Amino acid sequence: MSFQHLISHMIDNDVKSKEILQSSFDLLAELMKFNIKAFERFEKCTSQEGLDKFMSMVNKNLVDSNMFIRCLLLTLERIEREDVHNLEFALTKSRLLMHIHDRKTRVGFLKKLINIIHVEILTQENVSCLNTTIILLMFAQRSGELSVYLKLLREEEQNNCRPGFILHNFRQLLFFWQDHYLHKDKDCTALEKSSNISFSVWKEMVSGLTSNDTTSPNTLAYYLKQDNLLDDDVAME
């Protein structure tokens, strides 16, 4: 199946099968990751109506589409850091990359991805979603906005009168992540290879987020303490 046929098949056939949908998103992610030509082809073969339908599929099926979301994040980050001659295309012509560049979009994905995974029901697919949330915050940290993202997550909790339902859950998920990856070299290598990010960077990011330092707005503990939830959180480790 060609690149154009794959996109057309996803948009025009309203794929219902979870297995087919996930494999389609995963294949598209592999074809497009770090490949600016693929993003150019996507622009040429997708109408605005088609794009709207495609993004609706992404948003309604986050477990299945999270690798594609990660592809967008990784590609845009590389362009901004190493491939700046394509930055104009990314920020003015590629509707996909313009979409993922928007902070509101990123925070929206972050909230949804955290809320669909819980330690008690983690699977390989869910761990993949967790890795995408870590990348979102990793890139927020690089741009000096990590505390802004965490503050917005806490505001979401306050707006829903449910303190801790995002940040407490996320901290528990990150403790699981540490236990999982720090004892599985093969999984660490696969994570490095798929993201092109050293595992030491991953480990440092998770360690920082789960730190018990309540004085830094870049830790989850900082926000949990404000709602008197840190002691409960530590007790669950």
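**Close-up 1. The salt bridge between R142 and E77, and the helices that carry the two residues**. R142 is partly exposed, with a relative accessible area of 37%, where buried means under 20% relative accessible area, exposed over 50%, and partly exposed in between (1.4 Å probe, protein chains only). The view comes from a predicted model, in which local features need pLDDT of at least 70 and side-chain atom pairs count only at pLDDT 80 or more, whereas totals for chains, interfaces and linings use all residues. Residues are numbered from 1 along each chain as its sequence is written, and side-chain values use heavy atoms, with hydrogens and water left out. The closest N and O atoms of R142 and E77 are 3.1 Å apart, a salt bridge being a side-chain nitrogen of Lys or Arg within 4 Å of a carboxyl oxygen of Asp or Glu. R142 lies in helix α9 (residues 124-142) and E77 in helix α5 (residues 62-82), so the pair ties together parts that are 65 residues apart in sequence; helices (H or I, at least four residues) are DSSP runs, numbered from the N terminus.

**Close-up 2. The packing of α5 against α9**. The two helices pack at an angle of about 25°, with their axes 9 Å apart; the axes are lines fitted to C-alpha atoms over the stretch in contact, and angles run from 0 to 180 degrees between N-to-C directions. That angle makes α5 roughly parallel to α9, a class that covers angles under 35 degrees, while those over 145 count as roughly antiparallel, 65 to 115 as roughly perpendicular and the rest as oblique.

**Close-up 3. The salt bridge between K111 and E156**. The side chains of K111 and E156 meet at 3.1 Å, N to O, and the pair links distant parts of the chain, with K111 in helix α8 (residues 103-115) and E156 in helix α10 (residues 146-159), 45 residues apart. K111 counts as partly exposed at 21% relative accessibility, and E156 is likewise partly exposed, with a relative accessible area of 24%. Elsewhere, salt bridges that share partners join E77, R81 and R142 into one network, and the count comes to 8 salt bridges.

**Close-up 4. The aromatic pair of W177 and W202**. A search of the whole structure finds 9 aromatic pairs, for which rings of Phe, Tyr and Trp (its six-membered ring) must have their centres within 6.5 Å, with planes under 30 degrees apart counted as stacked, over 60 as edge-to-face and the rest as tilted. The rings of W177 and W202 have their centres 6.4 Å apart and their planes at 15°, so the pair is stacked. W177 lies in helix α11 (residues 167-181) and W202 in helix α13 (residues 199-210), so the pair ties together parts that are 25 residues apart in sequence. W177 is buried at 1% relative accessibility, and W202 is buried at 0%.

**Close-up 5. Charges over the rings of F34 and F165**. R78 lies over the face of F34, at 3.8 Å from the ring centre, and the charged end of R162 sits over the ring of F165, 4.1 Å from its centre. A charge sits over a ring if NZ of Lys or CZ of Arg is within 6 Å of the ring centre and within 35 degrees of the ring normal.
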